[in-house]
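Subject: Structure for your review

Dear colleague,

Please find below the structure that I would like to hand over to you.

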Amino acid sequence: MSSLLVADGVLFSAGTVLDADALGIRDGRIVAVGSHRDVRDALGRVDDELDARGGLVTPGFVDAHLHLGGGAVDALRCDLAGANTLDEIDQRIRTFAVGTGAAWVVGGGWDPTLFPPSGPTAAHLDALVPDRPAFLLDADHHGGWANSAALAAAGIDRATPDPSDGRIERAADGTPSGALREGAMQLVSPHIPPHETADIARALLTVSRSALAAGITGWQEAALGEYAGYPDFSHAYLSLLRDGSLVGRATGAIWVPRNLTSDTIDAFVAACLERARANTAAGFPTRTAKLMLDGIVETRTAHLCHPYPDGSHGLSYFAPELVQQLVPALNAAGVAVHVHALGDAAVHDALDGFAAVPADHRARVRNHIAHLELIAPDDVPRFAELGVTANCQPYWACANALVRQVTLPLLGADRADDLYPFAALRDAGAALAMGSDWPVSTFDPWLGIHVAVTRRPPGEADAEPLGAAHALPLEAALDAYTRGSADLLGIGAGTLAPGAAADLAIADRDPFTGPAVDIHETRTNATVVAGEVLAL
């Protein structure tokens with residue numbers, strides 16, 4: 001029986017700072033919380049001691065929506081994340097292309113604000129990669145950039161119609177320009193040569209260790225299925241679980257294919273159940289389905305109640321009638337539904353789908369809607385009424401460059417105060433969970449919490465808050481990122497209480513004692529999973 005004493009900490013749990021400075025762990029479980037002396041007495045023999053040095057000790061952070069698998073695959077490709085100029089993007093692409101003998105040059109992470117609203121062009125990419133197909137996703141993974149060889153390989157030309165769930169950007173004469181939105185990316189992605197599972201697993205292990213170092217002890221892989229050139233990451237996860245190298249409490253959501261019809265729902269639900277049984281037996285719970293209902297505002301693919309300046313309302317990937325058939329079928333089988341919805345019309349369709357589920361079926365699962373950029377006021381109280389968790393990505397809730405330059409011009413500046421209404425959801429009784437959507441944005445929980453509390457970009461203390469009325473208290477944001485997400489994913493209590501799993505994140509300071517504008521400076525000093533202090 002191994003034991004660990006964590007001492008000299010400021011302990012936070014279940015929405016409050018505790019009257020305690022130590023906790024004791026035995027065999028992976030918390031057995032005592034209180035004063036240093038009382039906890040030492042309760043433990044008896046102490047095998048190891050961890051000095052928190054006055055830092056905040058919280059339950060481990062749980063990221064309720066991220067794509068570790070996607071980030072792992074990105075690490076094997078041409079990485080454009082963080083490139084701040086077109087010259088830097090060009091140089092990275094040229095360097096990668098010269099250094100690889102791969103049949104395709106694939107990668108992503110380019111900043112859409114560096115290109116015109118219509119996106120980058122094939123001619124631009126042809127100059128960088130003239131000898132083979134190239135396809136690069138944007139930072140949001142909702143748009144792709146193809147060169148002429150990639151367009152030709154996919155058979156995309158002037159006569160190719162837009163798919164129902166996407167858009168091919170075109171020149172004035174109808175010729176594809178090289179930018180592909182949403183489902184249009186699927187015209188290219190099946191032609192991209194796949195990576196070996198072993199390579200993905202090695203990269204996944206590396207990025208998972210980075211997440212653990214940030215204090216993330218559990219997460220949901222938010223899309224297990226083939227989409228936009230990414231494979232199903234289940235195989236890589238199962239490989240790591242078989243050899244015992246994966247640390248942390250991973251769960252997954254099975255991708256709902258866009259070609260689903262009323263006639264194929266029963267077969268899809270049966271397949272979900274079979275995968276859930278097999279994966280859960282292997283230590284990878286996947287009793288959740290991922291239903292993507294719309295795109296993003298910045299490409300005019302988020303589904304809105306009020307139109308964009310061009311008169312369009314965005315894209316709806318599934319008819320409301322199908323949603324109201326699929327969601328009840330999944331819930332009846334004990335499968336939760338994790339919905340991607342940014343626009344208020346998509347959120348409304350999702351809630352209508354949950355409303356179609358009998359109450360006793362809803363009560364057996366943990367349904368949730370992620371992203372929630374816009375919500376119609378009448379729909380806010382429906383979250384609590386229907387037992388639907390608001391799965392928030394807090395890092396986006398500030399007036400960063402993308403919001404200032406693209407989002408607000410498309411929505412109208414008068415809607416700035418409506419974006420990401422976290423406080424309204426909380427005040428209406430909705431359960432909150434939090435996640436990052438990494439690699440779209442950082443998975444560092446403290447940066448997301450900073451924005452949730454200040455509604456300002458980290459490091460911009462004088463910036464105008466985005467919808468200041470929707471800011472959350474620090475304790476509410478912390479609770480959502482720990483207990484809220486842990487409960488949503490069904491991976492434990494997410495608290496510091498006797499009997500709870502000993503998953504902890506220990507910060508380098510107590511952010512409750514400093515100004516809110518400095519929260520982003522907080523760092524995770526140590527991560528504990530099942531009572532083991534990780535050496536990362």
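The notes below describe some helices and some loops of this structure.

The model is predicted, so local features need pLDDT of at least 70 and side-chain atom pairs count only at pLDDT 80 or more, while totals for chains, interfaces and linings use all residues. Residues are numbered from 1 along each chain as its sequence is written, and side-chain values use heavy atoms, with hydrogens and water left out.

Helices and strands are DSSP runs numbered from the N terminus (helices: H or I, at least four residues; strands: E, at least two).

Helix H9

Helix H9 covers residues 320–332. The expected span of a helix is 1.5 Å times one less than its number of residues; for the 13 residues of H9 this gives 18 Å, and the end C-alpha atoms are 18 Å apart, which agrees. Just after H9, Gly334 has a positive phi of about 85°.

The axes of H8 and H9 (lines fitted to C-alpha atoms, for helices over the stretch in contact, with angles from 0 to 180 degrees between N-to-C directions) come within 10 Å and cross at roughly 35°. In contact (heavy atoms within 4.5 Å) are Ile265, Phe268, Val269 and Cys272 of H8 with Leu322, Gln325, Leu326, Ala329 and Leu330 of H9.

Helices H15 and H16

Helix H15 (residues 445–454) packs against helix H16 (residues 474–489) at an angle of about 140°, with the axes 9 Å apart. That makes H15 oblique to H16 (under 35 degrees is roughly parallel, over 145 roughly antiparallel, 65 to 115 roughly perpendicular, and the rest oblique). From H15, the contact involves Pro445, Trp446, Ile449, Ala452 and Val453; from H16, Leu474, Ala477, Leu478 and Tyr481.

Loops

Pro439 lies in the loop between strand S21 (432–434) and H15, and the peptide bond from Trp438 to Pro439 is cis, with omega near 10°.

Arg53, in the loop between strand S6 (48–51) and strand S7 (56–59), has a positive phi near 55° although this residue is not a glycine. Arg53 counts as exposed, at 68% relative accessibility. Ala530, also not a glycine, has a positive phi of about 50° and is partly exposed, with a relative accessible area of 33%.

Yours sincerely

Notes
Buried means under 20% relative accessible area, exposed over 50%, partly exposed in between (1.4 Å probe, protein chains only).
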